[in-house]
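Please read the points alongside the coordinates.

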Amino acid sequence: MSKRILIFDDDTDILSICTYILQELGWDVKTSPHCNDIVNTVRAFNPNVILMDNWIPDSGGVVATQAIKAETDLKDIPVVYFSANNDIQSLANKAGADTYLEKPFDLNELENVIERVAGFKD
């Protein structure tokens, strides 16, 4: 089974680190530094999981996640909201994300959260 993850973050260091770690774990990783045309981007890649930054240009993580969750064919894709914002739990709830991960995060925590929401781990 192919494991695909789509990461939206405007921090290129975060994208590089996450890409490296997740590829080492067998994930096919696609990244984007913005959320322009997000619905078509998600449809084209068809990920098992989405990592969504709160401060992603142009509309922001809340609006971008809501756009994904509003689509019948995309709403069941788990979205992990991740941010250094101290109000991340309420932002993730407002966005309709499935869970959240606080930055900075432990790499094992990153792996565990992603594997769990994707259904690859109990």
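1. In this predicted model, Trp27 is buried, its relative accessible area being 4%. Phe120, by contrast, is partly exposed at 28%. The centres of these two rings lie 5.7 Å apart and their planes meet at 70°, so the pair is edge-to-face.

2. Trp27 belongs to the loop between helix H1 (12-24) and E2, and Phe120 to the segment after helix H5 (107-118); the pair therefore ties together parts 93 residues apart in sequence. The ring of Phe120 also has the charged end of Lys3 over it, 5.6 Å from its centre.

3. The structure holds two aromatic pairs. Besides the one above, Phe82 and Phe105 have ring centres 6.0 Å apart and planes at 45°, so this pair is tilted. Phe82 lies in strand E4 and Phe105 in the loop between E5 and H5, so parts 23 residues apart in sequence are tied together. Phe82 is buried at 0% relative accessibility, and Phe105 is buried at 16%. Lys103 lies over the face of Phe82, 4.6 Å from the ring centre.

4. Helix H4 (residues 88-95) has Ile88, Leu91, Ala92 and Ala95 as its buried residues. They cover an arc of only 100° around the axis, which puts them on the same side of H4. Asn93 and Lys94 are exposed on the other side. The buried residues of H4 pack against H3, strand E4 (79-83) and strand E5 (99-102). Gly96, with a positive phi near 90°, follows the helix.

5. In helix H2 (residues 38-45), the buried residues are Ile38, Val39, Thr41, Val42 and Phe45. They fall within an arc of 165° seen down the axis, so they line one face of the helix.

Notes: Residues are numbered from 1 along each chain as its sequence is written. This is a predicted model: local features need pLDDT of at least 70, side-chain atom pairs count only at pLDDT 80 or more; totals for chains, interfaces and linings use all residues. Side-chain values use heavy atoms; hydrogens and water are left out. Buried means under 20% relative accessible area, exposed over 50%, partly exposed in between (1.4 Å probe, protein chains only). Helices (H or I, at least four residues) and strands (E, at least two) are DSSP runs, numbered from the N terminus. The arc is that of the directions from the helix axis to the C-beta atoms. Contact means heavy atoms within 4.5 Å. Rings of Phe, Tyr and Trp (its six-membered ring) pair if their centres lie within 6.5 Å; planes under 30 degrees apart count as stacked, over 60 as edge-to-face and the rest as tilted. A charge sits over a ring if NZ of Lys or CZ of Arg is within 6 Å of the ring centre and within 35 degrees of the ring normal.
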